[in-house]
Amino acid sequence: MSQPQASIPTQPRAKQLRACLLCSIVQTPADFRKHGCPNCEEIMQMKGYPDRISVCTTTYFEGMIAMIDPEHSWVARWQRTAKYVRGMYAVRVRGRVPDDVEAELESRGIKYRPRDQTDMD
Ligand SMILES: [Zn+2]
């Protein structure tokens, strides 16, 4: 199964980067290991757990947006990331969070929205 796809210019360093499946922030694996996710660590609990990082983040993401003013950026609103910290965010992230994370979100009354843009408003 090979789908035709526009080639996406990647920076040499981009290969090492990972995007959080929940908030789509882009960091290096080392950052995730040291600090966890700055937005959703409370739910994801990745800090210090490389195994956890490998299921809660992915290298399969496209595009990056620098979010320097999350509160006011229209891009942020469009990306539904207005409450998130400043940083680099992926435009599109493939994959879903693990079941336990989805269950945790549900128990907090948060509706999980996959970041692959398959759920259009
Ligand atoms: Zn996150």
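Cys-37, leaving aside its neighbours within four places in sequence, is in contact with Cys-20, Cys-23, Ile-25, Gln-27, Phe-32 and Met-46, where contact means heavy atoms within 4.5 Å. The model is predicted, so that local features need pLDDT of at least 70 and side-chain atom pairs count only at pLDDT 80 or more, while totals for chains, interfaces and linings use all residues. Residues are numbered from 1 along each chain as its sequence is written, and side-chain values use heavy atoms, with hydrogens and water left out.

**The zinc site**

The zinc ion is coordinated by the SG atoms of Cys-20, Cys-23, Cys-37 and Cys-40, at 2.1 to 2.4 Å. Donors are here N, O and S atoms within 2.8 Å of the metal (3.2 Å for Na, K and Ca), and because water is not among the atoms, sites may look incomplete. Along the chain, the donors of the zinc ion follow the spacing C-x2-C-x13-C-x2-C. The four donor atoms subtend angles of 98 to 119° around the zinc ion, which makes the arrangement tetrahedral; four donors count as tetrahedral if all angles lie between 85 and 135 degrees. Both Cys-37 and Cys-40 are buried, a word that stands for under 20% relative accessible area, whereas exposed stands for over 50% and partly exposed for values in between (1.4 Å probe, protein chains only).

The secondary structure of the chain comes to five helices and five strands, which are DSSP runs numbered from the N terminus (helices are H or I with at least four residues, strands are E with at least two). Read along the sequence, these elements follow the pattern β-β-α-α-α-β-β-α-β-α. Three strands form an open sheet in the order 2-1-3, with antiparallel pairing; two strands pair if DSSP finds at least two bridges between them. Strand 2 (26-27) and strand 3 (57-58) stand at the edges, each with a single partner strand, so one side of each is left without a neighbour in the sheet. Strand 1 (residues 18-20) is joined to strand 3 by two bridges, and the bridge partner of Cys-20 in strand 3 is Thr-57.

Of the 121 residues of the chain, 37% count as buried.

Which residues is Arg-52 in contact with, leaving aside its neighbours within four places in sequence? They are Ile-43, Met-44, Gln-45, Met-46, Pro-98, Asp-100 and Val-101. Arg-52 lies in helix 3, whereas Arg-86 lies in the loop between helix 4 (74-79) and strand 5. With the neighbours within four places in sequence again left aside, Arg-86 is in contact with Met-67, Ile-68 and Pro-70.

| Residue | Relative accessible area | Distance in space, C-alpha to C-alpha |
|---|---|---|
| Arg-52 | 19%, buried | 9.5 Å to Pro-98 |
| Arg-86 | 62%, exposed | 9.1 Å to Ile-25 |

In sequence, Arg-52 and Pro-98 are 46 residues apart, and Arg-86 and Ile-25 are 61 residues apart.

Key:
Four donors count as tetrahedral if all angles lie between 85 and 135 degrees; four count as square planar and six as octahedral if opposite donors are over 155 degrees apart and all others between 65 and 115; anything else is irregular.
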